[in-house]
Amino acid sequence: MSDLLFELFSEEIPARMQRQAADDLKRLVTNALVERGLIYEGAAAYATPRRLALQVVGLPNRQPDLREERKGPRVGAPEAAIAGFLKSAGLASLDQAKIEKDPKKGEFYVAVIERAGAETIDVLAEILPAIVKSFPWPKSMRWGTASERPDSLRWVRPLHSVVATFGPETETPDVVVFDVDGIASSNVTYGHRFLAPQPIRVKRFEDYALALERANVVIDPARRHDIILHDAKDLAFAQGLELVEDAGLLEEVAGLVEWPVTLMGAFDESFLSIPPEVIRATIRVNQKCFVLREDTALTNRFILVSNIEASDGGATVIGGNERVIAARLSDAKFFYETDLKLRLEERLPKLDAIVFHEKLGTQGERVKRIAALARELAPIVGADAEKAERAAILCKVDLVSEMVGEFPELQGLMGRYYASAQGEDASVAAAIEEHYKPQGPGDRIPTDPVSIAVALADKLDTLVGFWAIDEKPTGSKDPYALRRAALGVIRILMENALRLPITLTLGGHTGRVHIDIYFEKLKGQIRIVNEMPKAGFSIEQKERLIREVLSSADPERAAEFAEARIHGAWQESLDLLEFFIDRLKVYLRDKGARYDLIDAALGAVLETETPTPSPSPQGGGEQAPLQDDLLMITRKVEALDKFLSTDDGRNLLAGFRRAVNILKIEEKKDGANAYAHRHAPNLRIEPQEHKLAAAIARAREETAEHLEKEDFAGAMRALSKLRAPVDAFFDDVTVNAENADLRLNRLRLLAELRRVMMGVADFGKIAGETGTA
């Protein structure tokens, strides 16, 4: 068995592309080998700023020989069919084919095609250049004189050399000979750009990695990670400080250096008056450096990672970084102090210049909607309405601040700092920062009532708005992060144990959104008039057209428009509620809930005593309205799970399935509504019938009482009392009696059992040991 070493040496590869590029190289090469019958034992890919490298071990020295029998036409078939067979099989004449007999089909020709396997090194010489030429870089370039040709090689940065060797461990490997756009493969690579730029002759991966290490290149990105993290912590510890770890920055920095050398620098202590998050963002974004802290407070020290071992111990490198960071922090301090000179509410008019969406108006208009909704939500979540409205009015103002203009990732956070500085209530200031949360599954949720009200208002406005203009998520596409917004609402409600009537809330807010859509259309019409070509339109004509547009822009007409749209958009509201339910399922499944219990909890059916025009799939009832109290749905799922974990729950479920299966069979004969009426007590003749009827009546009363109180555990306990009479009924009573009246009455009794249980949950959607009922 032999090993492959493959390296592509170039100018600096952007750090963000290295990991994916290494994975792509491994995938493309190994897939191509397997497709050609070359099975390998293992493969590993590596990346540094200047190279991609691949090691494939345990490859055979040649492809396996192939023998294929290809069936042809019958003996005596038309000449055209025979000619096509000979051509496809590569035969010169029928003499090279053999004849086989089939008892049913008679005699037919068979071509035996034998192909000797190629040498693996020749196969590699074919596939490697093809992979290089078609490599899937997110961005690539052409360079040099060859770039004038449209078919010239494209690479992420200019490619300088290619190493490709193949051979067994016990022998000197051969060079896989090929050429990529004038770059010939070889066994020569190069070390560190500055510390060891000389050419290095290599054989296989083991000596390749060691040779590069001697030439100041750490080929394994995981080792570079570890070196940087370990040395940075040691430097900090030596000064009595602690490294503020940053996984994203560590990944990036490890992709910027081939020979990591950690150093410590400092900046003027006066900059510590800036919020610590600003200092960290400035140093991280501009200089790719790590900040340090003492206890919990940020210090004026930072860790930088150099790519060289300087003769002066890094003093020049440290000095250069300190100068740049001082300049950047000076800018940040200026932005911060400039922002503090203006109160937040004085910046509000600037939000009218920021378009949130062309159909949904500006950020200023959106803030008014959020404020109105936050005020409505405040009493529901236990927040002060005045504070919630105030926080909502100010929640987007920092978007027009100098600091957020420089560092967009600080939006919300800077709003909190500015609000605190101007004396806003602490809960108002906190809500300005926290209304964006949660921004992902690992992010914390707001817990202060004011923050909750504003966070819910912000997310619900987003969802209602994009539903109103029919910009919903489709498949894997969700450009406005609406799934994340819905999951954010769900997490806030669930993890704070809050109840919110989703349908009522969505319906009330829809009016505000549609009024803004109405006026946005009018503004659009005015823009069209103003942008009309000068030729053929006088100023007077344009002014007249604008007056006509504005004459229709009165609040009453806007309200009528919104009311009409709300009336017609009822289905859209149900659509949005179903979207919430789907997201709730995702949330609960991630928490370990069974998918079938979620569907069962959502699928309760209201009992009716007479046949209905639109019976439920279970017969004799109508589907309950789609539940919109997400917390109650969750509690019902929990109660159902606990109930089904007991013997009573499991056995009652088995009895329910038996009853449902009997009813389904008989309903095909008698009709879907045949058993919708209550049974006749005077037709009960067996003791088990009386006991089951009494148990059903008691369960009907008790479950209704518990459901009214939203005591789902109590409703399940009430159902558990049905187990014994249901078991006894099936043991001792023949449902399909010869007497037609008795048969009908017993089927109606089973239908009552079904309806009582379905009033609590759709037990038919619960999976069993061998499938669903």
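Helices (H or I, at least four residues) and strands (E, at least two) are DSSP runs, numbered from the N terminus. The structure is a predicted model, in which local features need pLDDT of at least 70, side-chain atom pairs count only at pLDDT 80 or more, and totals for chains, interfaces and linings use all residues. Residues are numbered from 1 along each chain as its sequence is written, and side-chain values use heavy atoms, with hydrogens and water left out.

**A buried loop residue**

Leu498 lies in the loop that links α15 (482-495) to α16 (502-530). Because its relative accessibility is 14%, Leu498 counts as buried (under 20% relative accessible area; exposed is over 50%, partly exposed in between, with a 1.4 Å probe and protein chains only). Leaving aside residues up to four places away in sequence, Leu498 touches Val381, Ile452, Ile492, Leu493 and Leu631, where contact means heavy atoms within 4.5 Å. The C-alpha atoms of Leu498 and Leu630 are 8.9 Å apart, although 132 residues separate the two along the chain.

**The four-stranded sheet**

Four strands form an open sheet in the order β13-β15-β16-β14, with antiparallel pairing. β13 (242-243) and β14 (261-266) are the edge strands, each with a single partner strand, so one side of each has no neighbour in the sheet. Two strands pair if DSSP finds at least two bridges between them. Two of the pairings are set out below.

| Strand pair | Bridges | Direction | Residues standing opposite |
|---|---|---|---|
| β15 (290-294) and β16 (297-306) | four | antiparallel | Glu294 and Ala297 |
| β14 and β16 | six | antiparallel | Val261 and Ser306 |

β14 is also mostly covered, with five of its six residues buried.

**The packing of α22 and α26**

The axes of α22 (residues 647-670) and α26 (residues 740-758) come within 9 Å and cross at roughly 130°. These axes are lines fitted to C-alpha atoms over the stretch in contact, and angles run from 0 to 180 degrees between N-to-C directions. The crossing of α22 and α26 is left-handed, meaning that the near helix is turned anticlockwise from the far one by less than a right angle.

Residues of α22 in this contact include Leu652, Phe656, Leu663 and Glu667, and those of α26 include Arg743, Leu750, Arg754 and Met758. By class, the contact of α22 with α26 comprises 12 nonpolar, no polar and six charged residues. Ala, Val, Leu, Ile, Met, Phe, Trp, Tyr, Cys and Pro count as nonpolar, Asp, Glu, Lys and Arg as charged, and the others, Gly among them, as polar.
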